[in-house]
Amino acid sequence: MKPAQQFKTQATVMTHDLHHRELIHTALSKYEAVRDQSKAAYQDWQAARQAAAEAKWEAVNHLDEYLVEFSNKLEARGTKVHWASTGLQAKEIILGIIREKKARSIVKSKAMTSEEIHLNEALAEEGFEVVESDLGEFIVQLRKEPPYHIVFPAMHLTRGEISELFARELGSAPTQSPEELTMIARRVLRQKYIRADIGFTGANFAVAETGMISITENEGNARLTAALPKVMISLLGIEKVVPRLEDLALLLPMLSTIGTGQPLTCYNSFYGGPRQPGEPDGPDEFHVVLLDNRRTELLADGEQRDALHCIRCGGCLNVCPIFRNVGGHTYHTTYSGPIGSVITPHLRGLQEWKHLSFASSLCGACTETCPVKINLHHHLLHNRRNAARQKPSMFEKVAFKLFAFVINRPSLYRSSKRAGRLLQIFHPLVKGTRFDPAYAWTKTRDLPPIARQTFKEYWRQRS
Amino acid sequence: MTITLFVPCFVDLMFPNVAISMVRILERLGHKVECPGEIACCGQPAYNSGYWDEARTVAVKVLEHLEGSEAIVIGSGSCGAMLHVFYAELFAATAYERQAKALAKKCYEFSDFLVTKLGVTDLGARFPAKVTFHDGCHGLRELGAFKQPRQLLSNVKELELVEMGEQVCCGFGGTFAAKFPMISTAMGEVKCSLAQKTGAEYIVSNDSSCLMHIQGLLTRQGSRMKTIHLAEVLANG
Amino acid sequence: MNERELILGRIREALKVPAPLPGHHGDERSSLTSATVPTQVRQWLPAIGESFADRVKAFRRKCSELKADFHALDSEGDCVKLLTDVRDREQWKRLGAHRGDLTDFVCSRLGLPICNTDKGYDVAGLESCDAGLTECDALVAQTGSVLLTSRSAGGRALSVLPPHHVVLARREQLVRDLPEAFAVLKKKYGSNYPSFISFITGPSRTGDIERILVLGAHGPKKLTICCF
């Protein structure tokens with residue numbers, strides 16, 4: 001099934017799922033309350049947004065310089081930096097390292113970029129055991145489904161469903177307590193860290209000035225992934241770069257404020273190399289894989305380049321009424337919500353994925369919330385325009401030309417109004433049925449009639 | 001002042017009373033109101049669908065007819081956003097770029113015009129009912145209209161305003177309502193449910209397109225709740 | 001041509017097209033003169049008062065929100081007394097720690113076997129410790145955070161593997177805000193950073209199940225900070 005049809009079919013199912021609607025609404029209401037509290041503590045939230053936007057603008061618009069600085073500084077202290085133009089190349093690089101190390105088990109901390117390149121599937125195919133250590137990712141991995149939300153992978157599940165899942169897959173005793181469920185996962189995963197040959201992470205930011213990656217998390221699983229295994233591999237998109245270490249003094253709290261509502265996430269850690277001389281632990285080998293995967297195409301689009309400023313906070317997903325009503329899985333993309341709708345056409349193809357840009361009421365809540373001021377909903381309009389230019393629908397083009405022709409000529413406008421009034425008489429015969437030309441509307445809503453006297457008629461009468 | 005009222009097609013055809021109310025209010029305040037009959041559409045449908053050339057065909061006519069206006073009040077938030085924000089994009093790098101930017105400075109959403117430009121918050125209106133307010137997204141986020149409708153409503157005699165407590169899109173979104181009716185309907189249901197929880201008799205809004213969608217759902221649901229435009233409330237009594 | 005050159009080539013080509021400055025929709029494009037981020041950030045992030053008392057107050061409040069235990073003590077001796085109580089209450093049998101002025105002082109008086117991480121350690125041994133004792137580089141009043149590195153805190157795992165992390169800090173280490181903490185980092189390590197740096201803000205937690213907060217997801221369930 002084509003993506004557009006798949007989206008519509010699943011959206012139809014999800015929008016009728018009142019349990020889902022209620023669950024997501026409750027979860028996000030809690031989030032909104034803490035987010036607003038955290039925002040209120042800022043002396044000037046809007047100024048902070050502007051500064052964050054400028055920091056990312058500087059990074060992305062000098063991307064080559066900062067990437068070179070980042071890479072050089074990492075290599076100077078023993079990190080092996082790899083560059084991958086495509087997801088396939090990235091997978092080959094990572095598999096190459098794993099094979100060379102004769103590794104058997106890999107522990108992963110959350111990395112949306114690894115979802116993007118479908119890394120887990122590739123590793124599983126080769127017979128490597130991959131364990132997701134982030135609780136939410138661990139849960140969806142057991143359920144064999146993709147993450148529901150880029151920050152909260154298991155947001156769509158109740159504790160009852162998670163309890164059943166654990167009982168079935170881990171043999172644990174059923175429980176309604178989120179605390180007990182978390183402890184079950186903690187116990188199971190503990191040994192995985194200790195025994196894993198390879199620790200795999202993503203990264204939230206790449207600091208050019210000091211040659212470090214920055215990883216933000218609440219659980220501590222990324223820290224353990226980066227501490228115990230002998231080899232550490234980190235995968236990140238090239239756009240993650242920030243110029244200076246101090247930029248994080250602003251970006252880290254903003255990421256958490258909008259991402260989860262927390263003033264600051266529990267662990268914000270910077271990794272600048274493998275274990276250095278004198279250090280008691282840490283990986284002997286540290287590999288950083290830089291991924292392009294069509295980001296350079298988005299970079300070339302000056303109008304939409306700011307979409308690469310995204311710090312993956314998930315804030316736009318949280319406020320999007322479309323996301324709330326259809327749910328994260330309906331998008332069938334790695335990145336869902338408004339940012340996903342904006343960038344997926346660039347990463348996967350415009351014609352196949354333009355429907356996500358049309359599946360929006362353009363309410364602008366996303367743009368308003370974005371901590372780095374990406375012009376999200378305007379980019380949805382840009383995608384729509386680009387799609388129409390590239391491959392116009394003859395039907396729509398003719399329809400809009402006809403509309404323009406009529407609306408620009410008052411006499412024709414009046415004639416079509418008379419025709420409308422006539423058709424209106426017959427409308428009740430077909431209203432709400434398949435023969436109704438306004439079926440898309442009238443299936444669920446009533447349509448108001450044309451007024452007895454329109455405003456223009458009233459105005460003409462007046463003068 | 002001579003105020004140009006731009007009445008978009010759906011307000012003209014289906015909600016004329018909204019525009020009539022606006023005329024009455026502005027005239028009562030002592031201004032002259034002009035309603036150019038030659039223009040009926042801001043070009044948003046074509047623009048939103050990605051057909052910018054066809055949108056420009058319509059929008060150019062609007063630019064030309066509104067060129068000489070002193071101040072333009074637009075009868076709907078989404079059309080207002082089109083003129084105030086999106087024309088600059090639509091006409092960027094064309095011969096009309098400067099004109100579009102100049103026009104934007106003269107365009108106002110109705111409540112914003114009354115409160116910010118005219119400095120009026122009390123129209124001597126009376127509307128004895130419990131109401132709740134729905135902020136049209138374009139008016140809210142593109143035109144900065146939030147306090148103004150509430151300031152105006154606070155001076156309406158015997159009116160009780162109860163807030164819904166959550167800010168969320170009603171789901172109309174122009175062509176979105178027809179292209180993705182299931183999502184549009186779900187969003188509308190969420191809005192109606194929020195409104196119903198307030199116990200209000202009326203949902204008031206500054207955007208007729210939202211009201212068309214919300215009312216359509218309420219009627220289909222058999223709800224007793226009614227919808228009314230802000231201008232109609234302010235013109236009452 | 002290797003992949004690095006190919007990617008950089010594509011980037012340079014792409015950047016020939018200018019992009020509008022953020023927050024200036026419709027304005028002429030100009031390049032940013034100098035970054036505004038480091039210098040003015042303090043004006044936008046939550047404010048912290050100047051005095052030490054302000055800092056302690058803010059840090060204490062934050063720790064309470066984060067469910068971290070903070071103790072501002074008068075002396076190292078008081079710290080030992082406090083930790084002795086904790087040791088008894090939690091029935092500590094074994095501690096992980098690194099060598100340092102503060103850790104040495106406390107460890108020598110707690111009378112427990114110590115798994116010392118400085119020269120490498122057995123992971124299972126560290127895992128069996130009831131608590132991990134570390135020093136730090138700074139405490140951040142604005143956020144309730146502990147700043148530490150693999151050099152100041154005995155490696156990467158000591159502060160995250162055992163179920164209870166105890167931090168020993170001196171009064172002077174309590175800084176105002178994040179910009180100041182970053183300045184501390186730069187001053188102390190600027191020429192040779194440790195391979196691991198971390199801002200720890202509260203005990204480990206997750207909200208992955210129905211967005212309900214649970215402590216001790218993978219990292220320590222308890223965080224105790226002693227400042228003297």
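Predicted model: local features only at pLDDT ≥ 70, side-chain atom pairs only at ≥ 80, totals over all residues.
Trainee: How many residues of domain 1 of chain B are in contact with domain 2 of chain B?

Mentor: One may count the residues on each side of a boundary. Here, 27 residues of domain 1 of chain B are in contact with 25 residues of domain 2 of chain B. On the domain 1 side, the elements giving two or more residues are helix 1 (9-14), helix 2 (16-28), helix 3 (44-48), helix 5 (77-90) and helix 7 (110-117) of chain B. By class, that side of domain 1 has 13 nonpolar, twelve polar and two charged residues.

Trainee: What does the secondary structure of chain B come to?

Mentor: Chain B has 13 helices and eight strands. Its radius of gyration is 17 Å, close to the 18 Å given by the globule rule for 237 residues, so chain B is as compact as a globular protein of that length. The C-alpha atoms of chain B fill a box of roughly 50 × 45 × 25 Å along the principal axes.

Trainee: What percentage of the residues in chain B are buried?

Mentor: Buried residues make up 59% of the 237 residues in chain B. Contacts may also be sorted by separation along the sequence. In chain B, among contacts between residues at least 6 apart in sequence, 77% join residues at least 24 apart.

Trainee: Is Cys79(B) buried or exposed?

Mentor: Burial is judged by counting neighbours. Cys79(B) counts as buried because 27 C-beta neighbours lie inside 10 Å, and the cut-off for a buried residue is 20 or more. Cys79(B) has its place in helix 5 of chain B, one of the helices on the domain 1 side that touches domain 2 of chain B.

Trainee: Which residues does Cys79(B) touch, leaving aside those up to four places away in sequence?

Mentor: With those set aside, Cys79(B) touches Pro8(B), Cys42(B), Gln44(B) and Ile74(B). A separate reading is the distance between C-alpha atoms: those of Cys79(B) and Ser209(B) are separated by 9.6 Å, although the two residues are 130 residues apart along the chain.

Trainee: Into which domains is chain A divided?

Mentor: A domain may consist of more than one segment of a chain. Chain A is divided into domain 1 (1-41 + 313-391), domain 2 (52-293) and domain 3 (404-462). Between the C-alpha centres of domain 1 and domain 3 of chain A there are 33 Å.

Trainee: How many helices and strands are there in chain A?

Mentor: Chain A contains 24 helices and ten strands. Its C-alpha trace spans about 90 × 55 × 45 Å along the principal axes. Of its 463 residues, 57% count as buried. Among contacts in chain A with a separation of 6 or more, residues 24 or more positions apart account for 73%.

Trainee: Which element of chain A gives the most to the side that touches chain B?

Mentor: In all, 47 residues of chain A are in contact with 49 residues of chain B. The elements of chain A that give two or more residues to this side include helix 1 (3-15), helix 20 (376-390) and helix 22 (410-430). Helix 21 of chain A gives the most, with six residues. By class, this side of chain A has 25 nonpolar, ten polar and twelve charged residues.

Trainee: How many residues of chain C are in contact with chain A?

Mentor: For this pair, 72 residues of chain C are in contact with 86 residues of chain A. Helix 1 of chain C provides the largest share of the chain C side, nine residues. The residues of that side divide into 38 nonpolar, 21 polar and 13 charged.

Trainee: How many bridges join strand 9 of chain A to strand 9 of chain C?

Mentor: Strands of two chains may pair through bridges. Five bridges join strand 9 (residues 267-271) of chain A to strand 9 of chain C, and the two run antiparallel. Within this pairing, Ser269(A) has Ser198(C) as its bridge partner.

Trainee: Which residues have the most contacts inside the largest nonpolar core?

Mentor: The largest nonpolar core has 289 residues, and those with the most contacts inside it are Leu63(A), Leu251(A), Val289(A), Met22(B) and Ile225(C). Not counting residues up to four places away in sequence, Leu63(A) touches Ile238(A), Val241(A), Leu299(A), Ile11(C) and Leu15(C).

Conventions
Residues numbered from 1 in each chain as written. Chains lettered and ligands numbered in written order. Domains from an automatic or database assignment. Contact = placed C-beta atoms within 7 Å. Helix = DSSP H or I, 4+ residues; strand = E, 2+ residues; numbered from the N terminus. Nonpolar A, V, L, I, M, F, W, Y, C, P; charged D, E, K, R; others polar. Core = buried A, V, L, I, M, F, W, Y, C linked by C-beta atoms within 7 Å. Buried ≥ 20, exposed ≤ 12 C-beta atoms within 10 Å, placed from the backbone. Rg over C-alpha atoms; globule rule 2.2 N^0.38 Å. Pairing = 2+ DSSP bridges.
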